[in-house]
Amino acid sequence: MRTSFTQCALVLCFFLGLFSLPVAVTRAAPGPAEFQQHYERAVTLFLSERYHEALVEFQAAYQVQKLPRLLINIGTAYRKLGQAKEALQAYEEYLKIEPNPAPEVKKKLQECLAEARAMLDAASRVVAGQGNPDSRHKPGGKKGLFSPVRSQGAGGAVLKGAQKGIAGNGPDDLFVVGAPSDTVNLTGATIHHYDGKNFTPSYGGWGGDLRHIAGSAANNLWAVGTKGTILHFDGAAWHGNESGTEKNLVGVWTGGPQEVWAMDEGGAVLRLEGTDWLGVPGENPENVTLFGFHASGPKNALGVGAGGAIVRWDGTQVLAMPSGTKSSLFSVWVGAANNAWAVGQNGTIVHFDGSAWVGVPSGTKKALFGVFGLGPDEIYAVGGSWEQPYEGIVLRWNGKNWLTVLPITKDRLRGVFGDANAVYAVGENGQVMRFTKTKGWSEQPRRSDKDLWAVYGKGPADVWAMGQGGAMLRYDGTAWSTTFNRTSDAINGIFRGGPKDFWAVGDSGIILRWDGKAWVGTPSGTTANLTAVWGSGPRDAFAVGAKGTIRHFDGSAWSNLPSGINDDLTAVWGSGPRNIYAVGENATVLHYDGKSWARQPSGYVKETNRPQLIGLFGTSDKDVWAVGT
């Protein structure tokens, strides 16, 4: 009888997503507490991208209790480690035990299977010779022993040539720009490492704009955004999650590391279960497009959107609520079950008192994009002009009326958050405003030119602002920094400077450097798209890009080098620090002699139909080749 009851409890716990037994188990066999310890540790490690350690813990949990769902977790950990064959075996073993899983599990499993198979396909297409990767094709001589790596994924994405897309120390130690397959939502900001057998991600852009952030502790923050972007902060770094959706996510709520869910723009709810985000079964309101979200707990969350739409998640289902307005609502704040505010177009503000939504005069016709409250009598709303000039505005509810407390800022304000110490409002072009009772409102130094849409904090010395393209700022109580930036901007060029010294450059001025353990962003001093990078040593590197942009690294910082042109530059190569070439559109050729850049004739004299030069390589200062369209 005990065995039968225990088996039933196991099945029930599986379907509820709970991995513990509500019955007593004798200590003759490992018990639920031991299982839970391994499982929780595995999830924590997985979310921090420590996949090998997570795999060990998932396997240990499975040895304690062989719950079929853990096989998907194990397979996903293998997949993250680039071990596609082992991942497939785990997924297929699960299907033998559970041939007809729940629809949300089946959908996720199909995605996992497709990517694992694509990884195997990509690896089978890699062709790599043996020898020194720096061996070159000498004119009239023997070919170098190193063959360029070329990989085509299931979706037809082809890795670029050696200068643009691949750099490495040999056929079993390569970095490639872009994903080995396009079966999952990986952008051009992805860099994979190839060890001769497997592809594993070494750097990944966030994939989209960040729209909302929430957390239960300083080491358990979650951010969500467009294209299904989900990020987790473990107290040390931000890590990307595979959400399994391409839909825009408008909000996230967490009660702890094991209790996290998010809502998409259509009102659908996703729940984190181990390694995977699964859709919560249930009907959603029809024809809803949500823009804003806030929750006061696991059973009280609101989403607002186009045409005055308001929906409520009660922990079981999403239901539409009449708002009393047709104006689009952009933001909502939930203080309690009987106190919520939503703001939107033309200064629209509506209040919920527990029974109905009622309009409240705002005193402005400017659009309101963000709302947040510190209590029933201290609510802030931010926004700005719908048409140029895009001036920002801050309103405050004092318990009776909405009053304008900051009438004009340089840019529209998009998000607001505060605590007893300070209130922060963020907006377009990297604008950050800070309010304290002693100093009033003050503009903070701008650390980004990206639009900021969300702001959140867990204390006076830990405030985050996020937005366009994955832009991310952090306030430490003294100053704002961009230390954690990992944007979705495409990476266009990669270069090996030494065994543990690689450079990668991309759109919006992104420059990364590999230090032997991780890719680290370095301030470039420009927002121009960068297309290629080359260096003569660890203290001498050049990056080129749009509108004649040339940046130089001297070992400590990047600085501008005037090019004298406005043509886009697409490639750079040199034989030494005093002999460097850059090429680009309109058959442009530039030469650097160690002091300045000068244009050189390319041989194309016609003013029309001049080709774009896109590749550059040489074997010496007297043997340089450029190729193009």
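Axes are lines fitted to C-alpha atoms, for helices over the stretch in contact, and angles run from 0 to 180 degrees between N-to-C directions. Helices (H or I, at least four residues) and strands (E, at least two) are DSSP runs, numbered from the N terminus.

The structure is a predicted model, in which local features need pLDDT of at least 70, side-chain atom pairs count only at pLDDT 80 or more, and totals for chains, interfaces and linings use all residues. Residues are numbered from 1 along each chain as its sequence is written, and side-chain values use heavy atoms, with hydrogens and water left out.

**Exercise 1. Describe how helix α2 packs against helix α3.**

Step 1. Two packed helices are described by the angle between their axes and the distance between the axes. For α2 (residues 32–47) and α3, the axes come within 8 Å and cross at roughly 160°.

Step 2. Angles under 35 degrees count as roughly parallel, over 145 as roughly antiparallel, 65 to 115 as roughly perpendicular and the rest as oblique. α2 is therefore roughly antiparallel to α3.

Step 3. Contact means heavy atoms within 4.5 Å. From α2, the residues Glu34, Phe35, His38, Tyr39, Arg41, Ala42, Val43, Leu45 and Phe46 meet Tyr51, Glu53, Ala54, Glu57, Phe58, Ala60, Ala61 and Val64 of α3.

Step 4. This contact of α2 with α3 comprises 12 nonpolar, 1 polar and 4 charged residues. Here Ala, Val, Leu, Ile, Met, Phe, Trp, Tyr, Cys and Pro count as nonpolar, Asp, Glu, Lys and Arg as charged, and the others, Gly among them, as polar.

**Exercise 2. Characterise the packing of α3 with α4, then that of α4 with α5.**

Step 1. The axes of α3 (residues 51–64) and α4 (residues 69–80) come within 9 Å and cross at roughly 160°, which means that α3 is roughly antiparallel to α4. The crossing of α3 and α4 is left-handed.

Step 2. On the α3 side, the contact is made by Tyr51, Leu55, Phe58, Gln59, Ala61 and Tyr62, and on the α4 side by Leu70, Leu71, Asn73, Ile74, Ala77, Tyr78 and Lys80. The residues of the contact of α3 with α4 are 10 nonpolar, 2 polar and 1 charged.

Step 3. The axes of α4 and α5 (residues 84–97) come within 7 Å, with a crossing of roughly 165°. These two helices are therefore roughly antiparallel to each other, and α4 passes α5 in a left-handed crossing.

Step 4. Residues of α4 in this contact include Arg69, Ile72, Gly75 and Arg79, while those of α5 include Glu86, Tyr91, Glu93 and Ile97. The contact of α4 with α5 divides into 9 nonpolar, 2 polar and 4 charged residues.

**Exercise 3. Examine the hairpin of β3 and β4, and locate the backbone features at Asn346 and Pro389.**

Step 1. Strand β3 (residues 191–194) and strand β4 (residues 199–203) run antiparallel and are joined by 4 bridges. Ile191 stands opposite Tyr203 in β4.

Step 2. The hairpin has 4 residues between the strands, and Gly196 takes a positive phi near 100°.

Step 3. Most residues other than glycine have a negative phi, and most peptide bonds are trans. Asn346 has a positive phi, near 50°, and is placed in the loop between β18 (339–344) and β19 (349–352).

Step 4. A cis peptide bond, with omega about -5°, joins Gln388 and Pro389. Pro389 is in the loop between β22 (378–384) and β23 (392–397).

**Exercise 4. Identify the confidence of the model over residues 1–29.**

Step 1. pLDDT is the predictor's confidence in each residue, from 0 to 100. The protein has a mean pLDDT of 85, and 85% of its residues reach 70 or more.

Step 2. Over residues 1–29 the pLDDT stays under 50, and the model has 26 contacts beyond four places in sequence for them.

Notes:
Left-handed = near helix turned anticlockwise from the far one by under 90°. Pairing = 2+ DSSP bridges.
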